[in-house]
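Reader: I would like to understand how the inside of a folded chain is put together, and I would rather go slowly through one part than quickly through everything. Could you begin with the chain as a whole and then look closely at the nonpolar core and the aromatic rings?

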Amino acid sequence: MAIDMAVLLREALDNMDNNTEGEHERTEEKKNENPARVTHRQGLPVGVTLPKGWQERCKIGPENNLWVIENAVSAAGEEELAKYVDHCGTQGKWVELKGRMVMEFTSDGLPSWLDGLMAAFKGAEAWGAASCNHVLINKYPPGGGILPHTDGPAYVPCTVTLSLLQPAFFRLAPRMGCQGSSFSVLLQPRTLVVFSDDIYSQHTHEILPDTDTIPSDCINAPPGTPCLRTGDRVSLTFRHML
């Protein structure tokens with residue numbers, strides 16, 4: 001049965017204890033500072049590169065409305081984004097779930113270092129006339145993944161995810177009662193995956209736990225080829241919440 005991750009995450013966030021014992025003492029200024037607005041103190045917002053004609057050139061798979069854009073950020077940009085994520089994590093934003101840690105930002109607390117990414121998505125009209133107002137950041141340790149789920153009706157039916165630091169296998173399958181194909185896509189570090197419309201509403205998606213070889217249903221890499229994840233993977237997921 002598909003899982004509505006928006007509901008699951010909201011329950012986890014609602015149950016989070018904001019008065020964690022053992023937290024280091026902070027100055028009065030730090031106590032009054034909104035953690036969602038704290039950014040890494042050095043560097044400029046990192047931008048993303050969408051190649052010209054990406055809607056046609058980067059379409060992938062047997063279904064419509066799925067795009068995979070490799071090298072969407074530079075290696076230096078990836079390193080900088082990882083620093084930003086780690087810095088936000090030190091502010092107590094992480095929520096621990098099975099197989100991953102997650103932090104959430106909404107329109108009233110989006111960090112400024114995300115501006116360069118969101119500007120590119122706005123220019124690409126990823127959400128039509130809307131703009132990104134919700135960002136979910138996941139950190140997957142080796143062996144971590146996420147079960148098949150849908151993003152649900154709480155968002156405009158388009159999801160944009162930037163994958164960083166380690167490879168991952170993104171698997172899609174038709175929901176019960178829906179038509180379509182099941183397949184996996186290899187997401188290399190710095191890859192952007194975009195899915196919308198039928199793929200969004202009629203398919204579940206998941207991140208497979210670590211595997212030492214490329215799965216047999218992978219459509220963009222030779223099945224059986226060794227592919228190991230040796231450290232934490234970070235993903236940034238951008239959506240428009242209704």
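What percentage of the contacts in the chain with a separation of 6 or more comes from residues 24 or more positions apart?

Author: This is a predicted model, in which local features need a pLDDT of at least 70 and side-chain atom pairs count only at pLDDT 80 or more, while totals for chains, interfaces and linings use all residues. Residues are numbered from 1 along each chain as its sequence is written, and side-chain values use heavy atoms, with hydrogens and water left out.

To your question: residues 24 or more positions apart account for 81% of the contacts in the chain with a separation of 6 or more, where a contact means heavy atoms within 4.5 Å. The chain has 6 helices and 12 strands, and these are DSSP runs numbered from the N terminus, a helix being H or I with at least four residues and a strand being E with at least two. Of the 242 residues, 48% are buried; here buried means under 20% relative accessible area, exposed means over 50%, and partly exposed lies in between, with a 1.4 Å probe and protein chains only. The accessible surface of the chain comes to about 12,200 Å², and carbon and sulfur atoms hold 50% of it; such areas come from the Shrake-Rupley method with a 1.4 Å probe, and for residues only the protein chains shown count as cover.

Now to the core. In soluble globular proteins, nonpolar side chains tend to be buried together. A nonpolar core is taken here as a set of buried Ala, Val, Leu, Ile, Met, Phe, Trp, Tyr and Cys residues joined through side-chain atoms within 4.5 Å. The largest one has 37 residues, and Leu-117, Ile-137 and Phe-238 are the members that touch the most others. Among the elements that give two or more residues to this core are the helices α4 (75-89) and α5 (115-123), together with strands including β4 (100-106), β5 (134-140) and β12 (233-239). If you select Ile-137, you will find that, leaving aside residues up to four places away in sequence, Ile-137 touches residues that include Val-85, Trp-94, Met-101, Met-103, Trp-113, Val-234 and Leu-236. There is also a second, separate core of 17 residues, and Ile-60, Val-68, Tyr-140 and Tyr-155 are among its members.

A pair of aromatic rings is described by the distance of the centres and the angle of the planes. Rings of Phe, Tyr and Trp (its six-membered ring) pair if their centres lie within 6.5 Å, and planes under 30 degrees apart count as stacked, over 60 as edge-to-face and the rest as tilted. The structure holds 4 aromatic pairs. In one of them, Trp-54 and Trp-67 have ring centres 5.8 Å apart and planes at 70°, so this pair is edge-to-face. Trp-54 belongs to helix α3 (residues 54-57) and Trp-67 to strand β2, so the pair ties together parts that are 13 residues apart in sequence, and both Trp-54 and Trp-67 are buried. In another, the ring centres of Phe-170 and Phe-195 are 5.7 Å apart with planes at 40°, so this pair is tilted. Phe-170 sits in strand β8 and Phe-195 in strand β10, so to speak two distant parts of the chain, 25 residues apart, that the pair links. Phe-170 and Phe-195 are both buried, and together with Tyr-200 they form one aromatic cluster.

A ring can also meet a charge, which is said to sit over the ring if NZ of Lys or CZ of Arg is within 6 Å of the ring centre and within 35 degrees of the ring normal. Arg-239 lies in this way over the face of Tyr-155, at 4.1 Å from the ring centre.

Lys-59 counts as partly exposed, at 37% relative accessibility, and, not counting residues up to four places away in sequence, Lys-59 touches Trp-54, Leu-66 and Trp-67. Asn-65 is found in the loop between α3 and β2 as well, but Asn-65 counts as buried, at 16% relative accessibility. Most residues other than glycine have a negative phi, and most peptide bonds are trans. Asn-65, however, has a positive phi near 70°, and Asn-71, in the loop between β2 and α4, has a positive phi near 55°.
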